[in-house]
Amino acid sequence: MKTTKWAIDPSHSEIQFKVKHLMISNVTGQFNKFNGTVETDGDDFSTAKVHFTADINSISTNNPQRDEHLQNGDFFDAENHPQLVFEGDRMEKTGDGNYKVHGMLTMRGVTKQVALDAEFGGITQDPWGNTRSGFSLSGKIKRKDFGVSFGAVTETGGALLGEEVKISANAEFVKQAVAQAA
């Protein structure tokens with residue numbers, strides 16, 4: 001079967017994360033610069049191989065001082081590890097239009113196996129003749145698993161930051177034209 005290549009459309013996609021602050025609320029952040037591709041057998045996303053990267057220096061929490069702190073060695077260490085990378089190698093169908101995307105996440109030079117829940121939005125044609133597909137993804141990781149151990153204890157003994165990081169993404173992909181043999 002012919003391999004189909006899909007490229008993420010960054011203007012119609014987003015990747016966000018949430019982490020507990022003082023264990024009473026969430027701080028939300030996102031990556032503003034990212035790239036992703038998917039290769040499938042035909043249009044069968046159960047065969048998908050995913051490659052995704054996010055530029056750590058594009059992190060935004062709507063607070064420049066906090067963003068700088070997240071980029072430094074206490075958190076992402078962008079100077080030494082400028083990208084977050086996810087290599088998805090298996091899509092497990094879990095229901096009608098639902099999948100588990102299994103792969104390796106690399107952050108701060110640490111690579112761990114993760115699984116993300118994916119909801120397939122479908123395939124459609126846009127007004128310009130392009131074939132597009134969409135997914136919503138969600139999952140959780142433990143930040144300390146990736147060497148992000150920064151944290152402080154409040155005066156009352158509570159944690160400043162939660163251990164768990166919730167990941168949420170909406171991704172729209174455009175089918176790439178197949179090169180014709182000469």
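Me: Where does Asn62 lie in the chain?
Reply: Asn62 belongs to the loop between strand E6 (59–60) and H1; helices (H or I, at least four residues) and strands (E, at least two) are DSSP runs numbered from the N terminus. This is a predicted model, in which local features need pLDDT of at least 70, side-chain atom pairs count only at pLDDT 80 or more, and totals for chains, interfaces and linings use all residues. Residues are numbered from 1 along each chain as its sequence is written, and side-chain values use heavy atoms, with hydrogens and water left out.

Me: Why is Asn62 called exposed?
Reply: Asn62 has a relative accessibility of 74%. Exposed means over 50% relative accessible area, buried under 20%, and partly exposed in between (1.4 Å probe, protein chains only). Asn62 therefore counts as exposed.

Me: What makes the phi of Asn62 worth noting?
Reply: Asn62 is not a glycine, although its phi is positive, at about 65°. Most residues other than glycine have a negative phi. Asp77 is likewise not a glycine and has a positive phi of about 55°.

Me: Is Asp77 buried or exposed, and how do you know?
Reply: Asp77 has a relative accessible area of 14%, so it is classed as buried. Its place is in the loop between H1 and strand E7 (83–95).

Me: Why does Gln71 count as buried?
Reply: The relative accessibility of Gln71 is 19%, which therefore falls in the buried class. Gln71 is found in helix H1 (residues 64–71). Beyond its neighbours within four places in sequence, Gln71 is in contact (heavy atoms within 4.5 Å) with Ile56, Asn57, Ile59, Phe76, Asp77 and Ala78.

Me: What makes Asn26 partly exposed?
Reply: Asn26, in strand E3 (residues 25–31), has a relative accessibility of 36% and so counts as partly exposed. Not counting residues up to four places away in sequence, Asn26 touches Lys18, Val19 and Lys20.

Me: Why is the aromatic pair of Phe120 and Phe135 called tilted?
Reply: Rings of Phe, Tyr and Trp (its six-membered ring) pair if their centres lie within 6.5 Å; planes under 30 degrees apart count as stacked, over 60 as edge-to-face and the rest as tilted. By this rule there are eight aromatic pairs. The rings of Phe120 and Phe135 are 5.0 Å apart, centre to centre, with 40° between the planes, and the pair is tilted. Phe120 lies in strand E9 (residues 110–125) and Phe135 in strand E10 (residues 131–142), so the pair ties together parts that are 15 residues apart in sequence. Phe120 is partly exposed at 26% relative accessible area, whereas Phe135 is buried at 9%.

Me: Which residues do ring pairs link into a cluster?
Reply: The cluster consists of Trp6, Phe45, Phe120 and Phe135.

Me: How do you know how the lining of the largest pocket divides?
Reply: Ala, Val, Leu, Ile, Met, Phe, Trp, Tyr, Cys and Pro count as nonpolar, Asp, Glu, Lys and Arg as charged, and the others, Gly among them, as polar. On that basis the lining of the largest pocket has 36 nonpolar, nine polar and four charged residues.

Me: What does the protein chain contain overall?
Reply: The protein chain has one helix and 11 strands, in the order β-β-β-β-β-β-α-β-β-β-β-β from the N terminus on. Its C-alpha trace spans about 65 × 35 × 30 Å along its principal axes. Of the 182 residues, 38% are buried.
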